[in-house]
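Let's take a walk through this structure, stopping at a few places along the way. Keep the 3D view open as you read.

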Amino acid sequence: MNLYHVDYLGYATADRRSSPQMVPWIIAEIRKGGSMQKISIEIRDGFINGYVRNSGKKEPSLFSHKINLITRPMMVHGNSISFLYFVQDLSEPILYCYLFQTPEPEDVMNLFESMREQSNRINHPGGPIRSHSNASTLTSLCPGISPSSSHFFEVFYIGKIKVTHKKVPDTFIDDALDKFHTHELLKERRNALLAAKDKNQTPDDNKLLTPPGRDRERACSESGPSTSASTTTQVIITSSDSDSQSGFGSAEIIKPEKTNDAPTQLEPMRSRSGSAGSALSKKTDQNGAKSEDNRTMVFQVGHTDLRLISPDRKQILLHKFLKDVTCCTQGTKHEAHFGFICKETNPESYIGYIFKCQSESFADDVVGAIRQAYLAATEAARKEKQPVISCDHCPMVWYHKLCAEIESLSDKKVQAAIFRRLELLPDEEQEVVLTKLQGAETISGTSVKDQNELLMMLLRAHCESKQSRHVHDTAENRHEFLNQYLGGSTIFMKAKRSLTSSFDQLLKRKGSRDDIGPMVKELSLPMNAALCKESNNSTLVNSPTTLEVPQTPNRRANSTYAIGTPIPQLAGGSIDSSQQKPSPMMNIFLKVGNSPKTHDEEGGSDLQAGSWRQAIFNNVISPNKNLNQDTKAGLTKKDKAELRALWRKAINQQVLLIRMEKENARLKAHQEEATMKRIKLEYDDIGASATQNMVVWDMIINKEARKVDSQILTQAIRQGVPRSKRGEIWLFLAERHCSKIPPFDTTKCPNYNVPYEDLLKQLTSQQHAILIDLGRTFPNHTYFSSPLGPGQLALFNLLKAYSLLDPEVGYCQGLSFVAGVLLLHMSEEQAFFMLRHVMFRRNLRSQYLPDMAALQVQLYQLSRLLHDSHADLHAHLDKHEVAPTLYAAPWLLTIFASQFPLGFVTKVFDLLFLEGTEVLFRVALALMGHHKEGLLSCDSFELIMDYIKTTLPVINKQTMDKIMKEVFCTDISKQLLEYVVEYHVLQEQMSTPRPEDKELKRLKASNKTLTIQNRALTEQLEIATSNIHRLETNRTSHMMTINRLESEVRSLEVTVSTLGGFISSLAYNNTDLEIPSEILRIITQINNSERRKSVTVNVLRCDNTLPNRGIPLKVIDDNTPLNVEQNRKKIPPPLKSTVSSPNL
């Protein structure tokens, strides 16, 4: 990481057609803003980040620019402390110019050098350049990796196959795996044959079995036929020599597939000692057997590329861009395998890479991620490939000619030239520019130079806005214009062709030097060609570190242009003879068999026919000629003894050279190891300094673990543990603890004794969770901050190995912090041993089990300790519902590493390895007791949690001393045992059924039955209610019908009675009137009905009147017949007809 302190002057936008002649005016526009801000520029991981400087602290990022998007870094001519660079905008065709100023001129050169190194590392990540002076290169594997826009998977590398087509069939993976299996069988058979014949064969037989190096290389380069119908493949089980340099190993064999032939017996090619390939050769164990390299890799699908990273070697073994990937497929029979076809440097050569995943779902995810990234990269590349086109009529070309014209003029001449050019514009544009110029408030009181800068700023803005609407003058546009205005009929075809050809010839015509030369020079845009390249390729790989431009617009400078900028050819300038084409006479001269004389021959002829000066020269150089002739004469043939001596001398020199190479490699590795150890231990020790205890700890470590007194060890831990010795001390304490307890029962964990290297060769199902938590573990520490750097890869190996060692636990959040603390103080294998020791021998494993039962017990123990020791604090936390799960669970799962500084965490680890997990409760209790007053002052849930998150983790020397003193003085072992028993008793009580519980269950069951019955009755009631409502509706309709009928009957009765009375009156008045018998019968019926009605009415009237008179109901009942009879007697006699009728 490089940090530079500079002054940020501001930025301005510019068109992509901006030329170096425009840069001084852009600088003047930025300086006109008058703003200056002190910032710090950091170049890291492929980005330039700017931070505001505030009291030496790094504030949030002010800007962040990607190195690949930065173009044209340059220094201002005449001002060595000012520099600028342009940043491309992918969404819009504009550039952003950023201007800076630094107090030290050397910082500018160093900053440009750092930018170029970062660009080289991004574009060539296969071989990272490591420098001992720059420690950031050791902790960053590739700065181009972006975790936010990448997908990471763990895969197993199978091999690669050469194919002849970019598209492969669906059975490609399955066919390739069959070829790999066949090759492995042939390889085993050949090795067995060589082992059987090793004791009995002669050197001649050896030569017959083992082909020479050249033949072996020729056999490796041949390609065999493929069984596939569509592609020709070559099985490459491992990598070739070219691949060994990139990390695939050099001792492997390329075995071509051959049909109907016996396999050629090959042995691994011997690599030269001390070379890069030998360092990557196979490891050999004590028995002489070769152990295969670890083929489990981390596969990264980035935004624009694919990377295959080896966690063991901490190298990028394969880096391919998505634009070179032609096909991605998954196996049909072997669905856990996938592969992709990639284009090589040779356009007709394609290679397929085959991988294996842990399961089919992981393979589906990898293939889906590759396809999605390919589509996104294709779309982004399509957007980026927008060429910067310009023509002679572009407004920016007009502005470029203006800048070139006024570059070396004085202020007044510059202003005159600007107005002279301004008059050439149309009247409307002149009016717009002059109106804006007159609208400036301070234009009258400024100098001519300021007025020129304002005019150029307005003209540039006007030209850029006009450029966005400009239509370029190209052949296609002219053809479209002619089609639109001349039509497409045959009448105008000749006119169109004539006009088009004439116009093209007019543009292509070569003029004289006086009229055309200066015009072409003015119209040329030097930066245009470079800009077209910048939009597609990286801009800092081959670009110079400095590009000087004029500081002021009035001074012409001898600027140094970037690569890709054409330098104008001066009139009368010489042209390189290598670039000139030979004349026709020279071609004829060469065809007849002659060749031009060389420089020596020409010189020799001149010497022979020279002047007297040449004769003197010949006399002077003659002794040298004689010496050379004597030397040539002395080169005679040497005898055998001299040749043998020379050969012995060459061998000794070669041996010495090899030894020097080995020694340099050893020193380099030792220096890198020391630098990495220093980077790991970059944290502050809190408390008393432990440097004076180095002698004491050396004496303790050198003794046997059982012979060390516990009190001496405790006192040494209390005085402090030096950082450089902490890893060794932890290993010593672990061995001491293991010597006091019985050996571990491997039946509980069958993989307990599996070597660390064997575990790394397997795939884990916990890869997704592990890869996500890598970036969350100590993100501010240098060793773990780089995405998939050596620190994160080592952490991935450690967590992966433990997930395979203990499948029941697998991986749990919080375990990465424990492993990270161990990795900071020891190697990977030692850290794995210590992690296994902590989990199994210190019984820390129980709290990471899926049920989290042990963690619940620990939280209960801590809560009970807080209740007994600090009752008021416990009540306060309980009142605001702050449970121990919210703050104590991360402390226990990460051993305080996720929230507290490393100086405090390492102290806790020291006590953990000395005394056990009981220390965690004492430390937590001491922390809560130390911050008791602060927690009691918080009167809400939010304030309490904020205090625990921000204030409580701040540990200084005084706080550390108080907490450690309380930790050493506290003994809670008995209380912890009691609380465990208490927890289990309460848990058993909660789980054991009681009589009250039985009755409660019975009542609940009864209540449930009654509820069901009540629900059924409620449904029945609802049905009955609906029926009643329906019947009520029917009754209402029936009553209405009855009322209507009764009214009709009543009206008819009235009519009938009226007619009957009329007829009766007629009969009484007219005795001689003869009335029919039917009418008499009807009249009789009417009289009878009226008599019955009158009797009914009287009875009802009596019923209503007698109770009011006080007569008993019984008397009324007895007298009712009498009253009825009396009433009957009072009824007048019916109408008698004068005519007797038997019917009546």
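Start at tryptophan 647, which is exposed because its relative accessible area is 60%. Here buried means under 20% relative accessible area, exposed over 50%, and partly exposed in between, using a 1.4 Å probe and protein chains only. This tryptophan 647 sits in helix α21, residues 640-680. Helices are DSSP runs of H or I with at least four residues, strands are runs of E with at least two, and both are numbered from the N terminus.

Before going further, a word on what you're looking at: this is a predicted model, where local features need pLDDT of at least 70 and side-chain atom pairs count only at pLDDT 80 or more, while totals for chains, interfaces and linings use all residues. Residues are numbered from 1 along each chain as its sequence is written, and side-chain values use heavy atoms, with hydrogens and water left out.

A patch takes residues with over 30% relative accessible area and no salt bridge, joining nonpolar side chains (Val, Leu, Ile, Met, Phe, Trp, Tyr) within 5 Å and like charges within 9 Å. The areas come from the Shrake-Rupley method with a 1.4 Å probe, and for residues only the protein chains shown count as cover. A salt bridge, for its part, is a side-chain nitrogen of Lys or Arg within 4 Å of a carboxyl oxygen of Asp or Glu. As for the spacing along a helix, an α-helix has 3.6 residues a turn, so residues three or four places apart point the same way.

Lys166, Lys167, Lys323 and Lys343 form a positive one, and Asp312, Glu757, Asp758 and Glu829 form a negative one. Lys and Arg count as positive and Asp and Glu as negative, with His and the chain ends not counted; each charge is placed at NZ of Lys, CZ of Arg, CG of Asp or CD of Glu. Lysine 167 lies in the loop between β8 (151-163) and α4 (172-197) and counts as exposed because its relative accessibility is 52%. Aspartate 758 belongs to helix α25, residues 756-760, and is partly exposed at 37%.

Now for the covered parts. Helix α1 (residues 23-32) is largely enclosed by the rest of the structure, because seven of its 10 residues are buried. Those are Val23, Pro24, Trp25, Ile26, Ile27, Ala28 and Ile30. After α1 comes glycine 34, with a positive phi near 70°.

Strand β6 (residues 79-88) is mostly covered as well, with eight of its 10 residues buried. On one side, β6 pairs antiparallel with β5 (residues 70-76) over five bridges; strands pair if DSSP finds at least two bridges between them. In that pairing, isoleucine 70 stands opposite valine 87. Strand β6 is also joined to β7 (residues 94-101), again antiparallel, by seven bridges, and tyrosine 85 faces tyrosine 98 there. A hairpin of five residues links β6 to β7.

Leucine 788, between α27 (782-785) and α28 (790-805), has a positive phi near 55° without being a glycine, and is buried at 3% relative accessibility. Glutamate 881, between α32 (871-879) and α33 (884-894), also has a positive phi, about 60°, but is exposed at 66%.
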